[in-house]
Amino acid sequence: QVQLVESGGGLVQSGESLKLSCAASGTILRIDTMGWYRQAPGKQRELVATISSGGATKYVDSVKGRFTISRDNAKKTVYLQMNSLLPEDTAVYYCNVQGRLTSWSDFVSRGQGTQVTVSS
């Protein structure tokens, strides 16, 4: 079983920064894609950013140039550096990790979510 522990959310003012972290634990053979989703009240869940095992990154257009996703494979941790935050970035942020438990068993796990609130 894979567990994900997120941290780093909080309340900030517009223009400020936050860094989210998500650490995976458990018997994991390999971690492939890691990413962050967010969901604002009354809105659908949105994929914010992903990073492959090779370090390739993708971002939703609304955060390009402001957010940076990174990972530390040794620590099984994914990060989301969020700069120049805007009120519309307010949401619960969830990390998502995909990989293999064994050579024949995949996994997809989602964190418990961390609240990010940006005031104007």
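What follows is a conversation about the strands, loops and side-chain contacts of one predicted model.

Reader: Before we get to residues, what kind of model is this?

Author: This is a predicted model, and the values below are computed from it.

Reader: Fine. Which strands form the open sheet, in what order, and is the pairing parallel or antiparallel?

Author: The open sheet is built from 4 strands in the order β1-β3-β8-β7, and their pairing is antiparallel.

Reader: And which strands stand at the edges?

Author: Those are β1, residues 3-7, and β7, residues 67-72; each has a single partner strand, so one side of each is left without a neighbour in the sheet. On average, and with direction ignored, neighbouring strands of this sheet are turned by 15° against each other.

Reader: How do strands of a sheet pair, in general?

Author: They pair through backbone hydrogen bonds, in either a parallel or an antiparallel arrangement.

Reader: Back to this one, then: how many bridges are there between β1 and β3?

Author: There are 5 bridges between β1 and β3, the latter covering residues 18-25, and the two strands pair in the antiparallel sense. To give you positions in that pairing, Gln3 has Ser25 of β3 as its bridge partner, while Val5 stands opposite Ala23 in β3.

Reader: What does Ala23 stand opposite in β8?

Author: In β8 the residue opposite Ala23 is Thr77. The pairing of β3 with β8, which comprises residues 77-82, is antiparallel and runs over 6 bridges.

Reader: Let's stay in β8. Is Leu80 buried or exposed?

Author: Leu80, which lies in strand β8, has 0% relative accessibility and therefore counts as buried, the cut-off for that being under 20%.

Reader: What is it in contact with?

Author: Once neighbours within four places in sequence are set aside, Leu80 is in contact with Leu18, Lys19, Leu20, Trp36, Val48, Ala49, Phe67, Thr68, Ile69 and Tyr93. As for Ser21, its C-alpha atom is separated from that of Leu80 by 6.6 Å, although the two residues are 59 residues apart along the chain.

Reader: Ile69 is on that list; where is Thr50, and what does Thr50 touch?

Author: Thr50 is placed in strand β5, residues 46-51. Not counting residues up to four places away in sequence, Thr50 touches Thr33, Met34, Gly35, Ala56, Thr57, Lys58 and Ile69. The relative accessible area of Thr50 is 16%, so Thr50 is buried, given that the limit is under 20%.

Reader: Switching to backbone angles: which residues other than glycine have a positive phi?

Author: Lys76 is one of them, with phi near 55°, and Ser84 is another, with a positive phi of about 50°. Lys76 is found in the loop between β7 and β8, whereas Ser84 is found in the loop between β8 and β9.

Reader: How accessible are those two?

Author: Lys76 is partly exposed, with a relative accessible area of 28%, and Ser84 also counts as partly exposed, at 39% relative accessibility.

Reader: Where is Ser17, and what is it in contact with?

Author: Ser17 sits in the loop between β2, residues 10-13, and β3. Leaving aside neighbours within four places in sequence, Ser17 is in contact with Val12, Gln81, Met82, Asn83, Ser84 and Leu85. One of these, Asn83, is joined to Ser17 by a polar contact of 2.9 Å between the side chains. Ser17 is partly exposed, with a relative accessible area of 39%, and from C-alpha to C-alpha Ser17 and Arg66 are 9.4 Å apart in space, while they are 49 residues apart in sequence.

Reader: On to rings: how many aromatic pairs does the structure hold?

Author: The structure holds 0 aromatic pairs.

Reader: Last topic: what joins β9 to β10?

Author: A hairpin joins them, through 2 residues. Strand β9, residues 91-102, and strand β10, residues 105-110, run antiparallel and are joined by 6 bridges; within that pairing, Val97 has Ser109 of β10 as its bridge partner.

Key: Residues numbered from 1 in each chain as written. Predicted model: local features only at pLDDT ≥ 70, side-chain atom pairs only at ≥ 80, totals over all residues. Heavy atoms only, no water. Pairing = 2+ DSSP bridges. Axes fitted to C-alpha atoms, helices over the stretch in contact; angles between N-to-C directions. Phe/Tyr/Trp six-rings, centres within 6.5 Å; stacked < 30°, edge-to-face > 60°. Buried < 20%, exposed > 50% of the residue type's maximum accessible area, 1.4 Å probe, protein only. Contact = heavy atoms within 4.5 Å. Polar contact = N/O pair within 3.5 Å; in protein donor to acceptor, adjacent residues only side chain to side chain.
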